[in-house]
Amino acid sequence: MNNHLHFSIFYDGGAQNGRGYGSYVVIGPEGLVSYSAKRLHFMGQANGFLAEYETLHRALMSLGKCLSKKKIDPQATFLHIYGDNRFVQGQLMGENRCLQPSSVILNGKVGARLKRFAGYEAHYFTRVGIKTILGQKVT
């Protein structure tokens, strides 16, 4: 873990009236790597869990593109993933089971992306902390 480049992903997803939204920021050894400049919006039916996964999936795709541009092998990187949903963070670490079919699919997509990296840790971060890092108003 110490010989790798470390990247941190802070993300937050949510849903309102069945529509999902989310934001993220990716920070690397040299500072800001990638972020969603505005809230992402997801089409179709969504709930909080799906929005969390979709936001993290988009952050991982963005990080992958940035690493590719810089010719950095993802296997040389270690991720620290911070989210404000304890259940989703637990699913990422294999501590909680994923039972909802749509969550299972997104969990699989996120898991497949995570396997490209040398390793990762998922951490719970307070809602206030996540919103502050993402530059959002805490409601």
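This is a predicted model: local features need pLDDT of at least 70, side-chain atom pairs count only at pLDDT 80 or more; totals for chains, interfaces and linings use all residues.
Residues are numbered from 1 along each chain as its sequence is written, and side-chain values use heavy atoms, with hydrogens and water left out.

The chain contains four helices and six strands. Helices (H or I, at least four residues) and strands (E, at least two) are DSSP runs, numbered from the N terminus. Along the sequence their order is β-β-β-β-α-β-α-α-β-α. The radius of gyration, taken over C-alpha atoms, is 14 Å. The globule rule (2.2 Å times the number of residues to the power 0.38) gives 14 Å for 139 residues, so the chain is as compact as a globular protein of that length. Along the principal axes, the C-alpha atoms fill a box of roughly 45 × 30 × 25 Å.

Contact means heavy atoms within 4.5 Å. Of the contacts with a separation of 6 or more, 68% join residues 24 or more positions apart. Buried means under 20% relative accessible area, exposed over 50%, and partly exposed in between (1.4 Å probe, protein chains only). Of the 139 residues, 44% count as buried.

A nonpolar core is a set of buried Ala, Val, Leu, Ile, Met, Phe, Trp, Tyr and Cys residues joined through side-chain atoms within 4.5 Å. The largest such core has 24 residues. Ile9, Tyr11, Leu56, Leu60, Leu63, Leu79 and Leu92 touch the most other members. Two or more residues each come from β1, β2 (19-28), β4 (40-42), α1 (48-69), β5, α2 and α3 (101-114). Helix α1 gives the most, with eight residues. Leu92 has contacts beyond four places in sequence that include Tyr11, Tyr53, Leu56 and Val110. A second, separate core has five residues, among them Phe10, Val25, Ile130 and Leu134.

Rings of Phe, Tyr and Trp (its six-membered ring) pair if their centres lie within 6.5 Å; planes under 30 degrees apart count as stacked, over 60 as edge-to-face and the rest as tilted. Phe10 belongs to strand β1 (residues 5-16), and Phe125 to the loop between β6 (119-124) and α4 (127-133), so the pair ties together parts 115 residues apart in sequence. Phe10 is buried at 10% relative accessible area; Phe125 is partly exposed at 28%. Phe10, Tyr82 and Phe125 form one aromatic cluster. A charge sits over a ring if NZ of Lys or CZ of Arg is within 6 Å of the ring centre and within 35 degrees of the ring normal. Arg86 places its charged end over the ring of Tyr124, 3.7 Å from the centre.

Asp84 lies in the loop between β5 (77-83) and α2 (86-92). Asp84 is buried, at 14% relative accessibility. Beyond four places in sequence, Asp84 touches residues including Tyr11, Tyr124, Phe125 and Arg127. Lys71 occupies the loop between α1 and β5. Lys71 is exposed, at 76% relative accessibility. The phi of Lys71 is positive, near 55 degrees. Most residues other than glycine have a negative phi.
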